[in-house]
Amino acid sequence: MQQFKIMDTKNYSLDTQLIHAGVEPDPTTGAIMTPIYQTSTYVQEAPGVHKGYEYARTQNPTRTALQNALAAIEKGSYGLSFGSGLAATDAIMKLLNPGDEVIATNDLYGGTYRIFTKVFERYGIKFQFVGMSDAGSIESLLTEKTKMIWIETPTNPLLNIIDIAACAEIAERHNILLVVDNTFASPYLQNPLTLGADIVVHSATKYLGGHSDVVHGAIILNDEALHEQLKFIQNSCGAVPGPHDCWLVLRGIKTLHVRMQRHCENGEKVAHFLRNHPKVEKVYWIGFEDHPNHDIARKQMRGFGGMISFVLKGDSLEDAMKVLSGTKLFALAESLGGVESLIGHPASMTHGAIPREERIKNGLADSLIRLSVGIEDANDLIEDLRQAIG
Ligand code: P1T
């Protein structure tokens, strides 16, 4: 069998990389689309004599194509795919040892908070959750035991912006790892590795997949030794995705640029509509010039995305519930980043795992409504919100 030849896409723009990176016509048939290698094992000619593939937990050609594509579009050297975003997070945490400490942002996906506090704290890893709008304030919290800074930016669901380059500078000086969850931005809007981050993690379930039809996770990084460790964990712990799921993400990636452009356009229109609505108290959207870290968003991102949160005047949970049940186009569902618009209630849905006291302290109100603005017609989306808000 001929080996896969991977096209070197380094000199092409991101829009071209999204379509070609990692992907080559199938060497056996010329199929332009990477086949779904639905196999658990590969036949060897003699023990140890094989075509580079031994067992599908360890390697799968569909996964290899995706991992190479992920590395290219995140401007990294290596990509690793996992069965979910949280499986990728789990693998990163397994780099640590009992007694190690992690400084994590205090606004983050509820499932990430849950795996940190309910799983890894049991294994002796300590987490400190802190506001990071002023990245410089992290430094005073570091101890000899701190081994990792974990950030999401923009954060889920309050759309805080954290200065990646400033965090990377602190992490480098203290010889600790900076991990950036880049799910909300996607590689189209932000590339943390180019700003000095050590590891990028994605819930590829979201913008990368883009069609709400697959659960998937990804890690991208530059350091060879760290890649070897994570590849070892990927194979040893086995949270690998199936080839069909890899194929769905590969297909999603090909349209990331055109989808993200429309997510950004629609997000801007919906954010302004909400801000001007008399019944809306506050809109969280990173494109507003008075967003506390708007300048940092401008510096490190190429657009503002499709994620918006808001609270109604009066801060009434009952009114929020009416809006949540009243939209027709915005579907009431967990998740984000798909072509269709979603509406959600973080306090009871995506962030239900965070104790209420902790949530409120960090600014996540019971009445907060979160939108994942899709790529439908913006006027239809605005009309839907208008009739639901009343
Ligand atoms: O769902 P999964 O693919 O395991 O990804 C977890 C995850 C990680 N990081 C961020 C920033 C996320 O938003 C998520 C998943 N989030 C949702 C399901 C949600 O609706 O917010």
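Which residues have the most contacts inside the largest nonpolar core? Leu208 and Ile253 do, in a core of 42 residues.

Before the details, the ground rules. This is a predicted model, so local features need pLDDT of at least 70 and side-chain atom pairs count only at pLDDT 80 or more, while totals for chains, interfaces and linings use all residues. Residues are numbered from 1 along each chain as its sequence is written, and side-chain values use heavy atoms, with hydrogens and water left out.

Back to the core. By nonpolar core I mean a set of buried Ala, Val, Leu, Ile, Met, Phe, Trp, Tyr and Cys residues joined through side-chain atoms within 4.5 Å. Buried is under 20% relative accessible area, exposed is over 50%, and partly exposed is in between, using a 1.4 Å probe and protein chains only. Helices (H or I, at least four residues) and strands (E, at least two) are DSSP runs, numbered from the N terminus.

Helix 8 gives the largest share, 6 residues. Where does this core lie relative to domain 1 and domain 2? Domain 1 (14-253) and domain 2 (257-389) both give residues to the core, so it lies between them. Those bounds come from an automatic or database domain assignment.

Take Ile253. Leaving out residues up to four places away in sequence, Ile253 touches Leu18, Leu66, Leu70, Ile73, Leu208 and Arg259. Contact here is heavy atoms within 4.5 Å. There is also a second, separate core of 31 residues, with Ala104, Phe116, Trp150 and Leu177 among them. As a general point, nonpolar side chains tend to be buried together in soluble globular proteins.

Next, the ligand. It is surrounded by 17 residues, and the closest are Asp181, Ser203, Thr205, Ser335 and Arg370. Near means that a heavy atom of the residue lies within 4 Å of the molecule. A polar side-chain atom of Asp181 sits 2.6 Å from a ligand nitrogen. For Thr205, a polar side-chain atom is 2.6 Å from a ligand oxygen. For Asn156, the distance to a ligand oxygen is 2.9 Å. A polar contact is a pair of N or O atoms within 3.5 Å; within protein, one must be able to donate a hydrogen and the other to accept it, and residues adjacent in sequence count only if both atoms are side-chain atoms.

Asn156 is joined to Pro157 by a cis peptide bond, with omega about 10°. Pro157 is in the loop between strand 4 and helix 5. Pro154 is placed in the loop between strand 4 (146-152) and helix 5 (164-173), and the Thr153 to Pro154 bond is cis, with omega near -5°. Ser335 has a positive phi of about 90° although it is not a glycine. Ser335 lies in the loop between strand 10 and strand 11 (342-344), and it is partly exposed at 24%. Asp315 also has a positive phi, near 55°, in the loop between strand 9 and helix 11. For background, most residues other than glycine have a negative phi, and most peptide bonds are trans.

Now salt bridges. The definition is a side-chain nitrogen of Lys or Arg within 4 Å of a carboxyl oxygen of Asp or Glu. The whole structure has 11. Lys94 and Asp90 pair at 2.6 Å, N to O. Lys94 is partly exposed at 35%, whereas Asp90 is buried at 17%. Asp90 belongs to the buried set in helix 3. In that helix (residues 85-93), 8 of the 9 residues are buried, so it is largely enclosed by the rest of the structure.

Glu383 bridges to Arg386 at 3.1 Å. They are 3 residues apart in helix 13 (residues 378-389), about one helical turn. Both are partly exposed: Glu383 at 42%, Arg386 at 39%. Glu139, Glu169 and Arg173 form a network of salt bridges.

Last stop, Thr327. Is Thr327 buried or exposed? Buried, at 12% relative accessibility. Thr327 is in the loop between helix 11 (317-326) and strand 10 (331-332). A polar atom of its side chain lies 2.7 Å from the backbone oxygen of Phe330. Beyond four places in sequence, Thr327 contacts Ile343, Asp384, Leu385, Gln387 and Ala388.
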